[in-house]
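Please keep the sequence and the structure in view while reading.

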Amino acid sequence: MARAVGIDLGTTNSVVSILEGGEPTVIANAQGSRTTPSVVAFAKNGEVLVGEVAKRQAVTNVDRTIRSVKREMGTNWTVEIDGKKFTPQQISAFVLQKLKQDAEAYLGEKITDAVITVPAYFNDSQRQATKEAGQIAGLNVLRIINEPTSAALAYGLDKEKDQTILVFDLGGGTFDVSLLDVGQEDGHGFVEVKATSGDNHLGGDDWDQRVVDELVTRFKNAHGVDLAKDKMALQRLREAAEKAKIELSAQTETTINLPYITASSEGPLHLEEKLTRAEFQRITADLLERCKGPFHQVIKDAGVKVSDIAHVVLVGGSTRMPAVSELVKELTGGKEPNKGVNPDEVVAIGAALQAGVLKGEVKDVLLLDVTPLSLGIETKGGIFTKIIERNTTIPTKRSEVFTTAEDNQPSVQIQVYQGEREIAAYNKKLATFELTGIAPAPRGIPQIEVTFDIDANGIVNVSAKDLGTGKEQSMTITGGSALGKDDIERMMREAESYAEDDRKRREDAEVRNNADALAYQTEKFLRENDDKVPADVKTEVNDSLAELKKALEGTDTAVIRDSAEKLATVSQKMGSAIYAQSQAAGAEGAAPGADAGAGGQQAKADEDVVEAEIVDDEREGGTK
């Protein structure tokens, strides 16, 4: 049976994990790192770079490097590279493809099935977009699972007694708080989500941006130059800001030093600024404040007291900031956050466990998740009528009966929304569809049953039925940004062609490197054995060598390969000639050297006798 992986597709970093012998293992990427930056770049030659290599070249290739695309999932955002438009799904698919390749290299087998995590507060179109990204990358997405739920699964599977845990997940671009019950029931482990809340536009990136803004202001005040207008300088500032943020988690002061950041009429300008932890916390205080609302909301929705929380699990690299862990401690009445999980990896580990549950590798685990936002339709007066309330356990199905607003109304337009506001227009519109063919009747008489069905991925199906005529209209909500089946298939083909291009580039590079090494080795061998190689062989080898060098100046891989094979074949003649000479020389010297050989053997025998006597003495001494 094919293996399934768990993937934490993060805003700034992504992680892939797999079950090995029932235990989750985080897979290191080709560079040896357990996290892969969610960065995609298009090199000048059209090559697609993903991860660490993409992040490294960002300064010199700002316009063609895309990061934090997760924040654009489920929107109509696109980026144009070389006249070709890319959607957030395609960019995310490049990251997923890289994780898939790393997992395949580690396991030595093909991977097709995956469980991918999303922030708990992602709406329907964002979840749909994530699923599409997986499909474009060539993955069969078994399940879309909420990140805090995944973390709780990784944390809570071995807990014997029932307990309420709070997962505080502050990543690179998104923030979630979830309250869950974990424990054992009839020998089955269970994880049940009680309530969830969050902010899809709050994360480590925002803390970095505050540092960038502060440095830009300081530099402008000191030199009168606005670095915000210089893309390359801004990219260097972003990287320095992230580094400074990380350093300030461990120390109280850091220095940001960027030589030659820009130039003025006086010459080059350098940036050197000190930033203390206190200053950092002052400029980001309002961001920290934004973490409080979702926390209080979750406590209220779940109907529990703060004192009922047994453990607090911190997830996401941004929770390493001292101010964040202090805030969590303050909000939970002095509870120390649990240090037993790695905040960078726990989500991917939970996803691998969920993949194991779906594949039947992990038994006796029940995962009950919830829908993060209420679902409903627009009714007369622009009112949002909720059909499924937020924090309802999924999968779920609910129906409500509505009627017409006008006499003899022949059709009704069903407008589906997701959100918490009373007025429909202020919520996220998911879809619109029409139920036609309603029998003429005074208003208030026809009965139209609207049914919402949310599957285990949190993806919505909705149907409307005229109870009088039996006419029915249904659809899977795919959101405004969702891609059609044809688009997904086209993008899958494109993703495969990019992977094929990369493989070809790698092969070309290998052929060139091997040919280069062969030319060097052959030249070296010729130099060292110049007097031993016959003139005719030497000429033939030199001709083939010249031919290969000429081929290496060009770009035709087939010509390079042929020239290298020819040189390799001709080179063998040098070895054959040298061995033939040495054997002939050995045969000539055999007769006159016979006596000398015998004398040598006698001398050797004498030496052996002397050695034997020494050994005997030692042995005798040993037995006395």
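This is a predicted model: local features need pLDDT of at least 70, side-chain atom pairs count only at pLDDT 80 or more; totals for chains, interfaces and linings use all residues.

## Basis of the description

Two strands are taken to pair if DSSP finds at least two bridges between them.

Three strands with antiparallel pairing make up an open sheet, in the order 6-5-7. Strand 6 (48–50) and strand 7 (65–67) each have a single partner strand and stand at the edges, so one side of each is left without a neighbour in the sheet. On average, and with direction ignored, neighbouring strands of this sheet are turned by 20° against each other.

Strand 5 (residues 39–42) runs antiparallel to strand 6 and is joined to it by three bridges. Within this pair, F42 has V48 of strand 6 as its bridge partner. Helix 2 (residues 88–107) packs on the sheet and touches strand 5, strand 6 and strand 7. The direction of helix 2 makes about 105° with that of strand 5.

## Strand 5 and its surroundings

Strand 5 is also joined to strand 7 by three bridges, and these two strands run antiparallel. Here the bridge partner of V40 is I66, in strand 7. The side chains of strand 5 point in two directions: V39 and A41 one way, V40 and F42 the other way. All four of these residues, V39, V40, A41 and F42, are buried.

Strand 5 and strand 6 form a hairpin with five residues between the strands. In this hairpin, G46 takes a positive phi near 90°.

Strand 21 pairs with strand 18 (residues 365–370) in the antiparallel sense, over two bridges. In this pair, V370 has T393 of strand 21 as its bridge partner.

## A nonpolar surface patch

Which residues form a nonpolar patch on the surface? The patch is formed by I383, I423 and Y426, which together have about 290 Å² of accessible area. One of these residues, I423, lies in the loop between strand 23 (412–418) and strand 24 (428–435). I423 has a relative accessible area of 36% and is therefore partly exposed, given that this class lies between the limits of 20% and 50%.

E330 belongs to helix 10 (residues 322–331). Its relative accessibility is 55%, so E330 counts as exposed, the limit for that class being over 50%. The C-alpha atoms of E330 and T117 are separated by 29 Å, and the two residues are 213 residues apart along the chain.

A546 is placed in helix 13 (residues 535–553). With a relative accessible area of 45%, A546 is partly exposed. Along the chain, A546 and A152 are 394 residues apart, and their C-alpha atoms are separated by 65 Å.

Note on methods: Residues are numbered from 1 along each chain as its sequence is written. Side-chain values use heavy atoms; hydrogens and water are left out. Patches are made of residues with over 30% relative accessible area and no salt bridge: like charges are joined within 9 Å, nonpolar side chains (Val, Leu, Ile, Met, Phe, Trp, Tyr) within 5 Å. Accessible areas come from the Shrake-Rupley method with a 1.4 Å probe; for residues, only the protein chains shown count as cover. A salt bridge is a side-chain nitrogen of Lys or Arg within 4 Å of a carboxyl oxygen of Asp or Glu. Helices (H or I, at least four residues) and strands (E, at least two) are DSSP runs, numbered from the N terminus. Buried means under 20% relative accessible area, exposed over 50%, partly exposed in between (1.4 Å probe, protein chains only). Axes are lines fitted to C-alpha atoms, for helices over the stretch in contact, and angles run from 0 to 180 degrees between N-to-C directions. Contact means heavy atoms within 4.5 Å.
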